[in-house]
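Dear colleague,

Please find below the structure that I am handing over to you, together with its sequence.

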Amino acid sequence: MRKLSVIAAAVATGALAVLAASPAQAVETGYSLKIRGVQYDAPGADSNSCSTGNTAAEYVTIKNYSTTSTVNLKGYVVKDATGNSYTFTANHYLQPGDFVKLRGGKGTESDASNVAYRNNCNFIWNNDRDTVYLNTPSGKTADSHAYTKSGSDSDGNGYITFHG
């Protein structure tokens, strides 16, 4: 009888652990905004000069994978593993299936051109490895992806697709 009680307790504990873990996964995959891909290594020699550099060629693409809901990016945060970050401070609406490329360098957000600029001429993504985070305005992680140049970029072009 004691063995059955111990087994029942173990089964119940395991079931609770599974139930406790499931909501976290559901929340992670429940966001319609996802990181579609990252151009982590801008073509050419890296130069963070605001006037002649190529930081605008380094970008992350964020896509609205919802088929019905428009999402406002205002308050969303894109950051790397060391905490370099960009917060969307203006209204930027992504229709279902729409995307935005958040680029380095100077410029303005444009819904029509699907672009936003970090207004910072320093590179944010490391060329060898990094983690890309997309956080909601409340600070929850909507999506994140770690990459390594040798393990994630099979064609060596500096661009990695995470969600098609």
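**Overall architecture**

The protein chain comprises two helices and 11 strands, where helices (H or I, at least four residues) and strands (E, at least two) are DSSP runs numbered from the N terminus. Starting at the N terminus, the order of elements is α-β-β-β-β-β-β-β-β-β-β-α-β. Please note that this is a predicted model, in which local features need pLDDT of at least 70 and side-chain atom pairs count only at pLDDT 80 or more, while totals for chains, interfaces and linings use all residues. Residues are numbered from 1 along each chain as its sequence is written, and side-chain values use heavy atoms, with hydrogens and water left out.

Of the 164 residues in the protein chain, 36% are buried; buried means under 20% relative accessible area, exposed over 50%, and partly exposed in between (1.4 Å probe, protein chains only). The chain exposes about 9,000 Å², of which carbon and sulfur atoms supply 53%; accessible areas come from the Shrake-Rupley method with a 1.4 Å probe, and for residues only the protein chains shown count as cover. Contact means heavy atoms within 4.5 Å. Among contacts between residues at least 6 apart in sequence, 56% join residues at least 24 apart.

Five strands make up an open sheet with mixed pairing, in the order β8-β7-β2-β1-β11; two strands pair if DSSP finds at least two bridges between them. Its edge strands are β8 and β11 (159-161), each of which pairs on one side only. On average, neighbouring strands of this sheet are turned by 25° against each other, direction ignored; axes are lines fitted to C-alpha atoms, for helices over the stretch in contact, and angles run from 0 to 180 degrees between N-to-C directions. Within the sheet, β2 pairs with β7 (residues 99-103) in the antiparallel sense over five bridges, and Tyr59 stands opposite Arg103 in β7.

A further open sheet has four strands in the order β5-β4-β9-β10, with antiparallel pairing. Here β5 (85-87) and β10 (141-148) are the edges with a single partner strand each, so one side of each has no neighbour in the sheet. Neighbouring strands are turned by 10° against each other on average, direction ignored. Strands β9 and β10 pair over seven bridges, and Tyr133 stands opposite Ser144 in β10.

**Arg118**

Arg118 is located in the loop between β8 (115-117) and β9 (129-135). With a relative accessibility of 12%, Arg118 counts as buried. Leaving aside neighbours within four places in sequence, its contacts include Glu58, Tyr86, Arg103 and Phe123. The side chain of Arg118 also reaches the backbone oxygen of Asn122 at 2.5 Å. Tyr59 is 59 residues away from Arg118 along the chain, yet their C-alpha atoms are separated by 9.5 Å.

**The salt bridge**

How many salt bridges does a search of the whole structure find? The search finds one, a salt bridge being a side-chain nitrogen of Lys or Arg within 4 Å of a carboxyl oxygen of Asp or Glu. Lys149 and Asp41 form this pair, with their closest N and O atoms 3.8 Å apart. Lys149 lies in helix α2 (residues 149-152) and Asp41 in the loop between β1 (33-39) and β2 (59-64), so the pair ties together parts that are 108 residues apart in sequence. Lys149 is partly exposed at 40% relative accessible area, whereas Asp41, at 16%, counts as buried.

With kind regards

Terms used: Polar contact = N/O pair within 3.5 Å; in protein donor to acceptor, adjacent residues only side chain to side chain.
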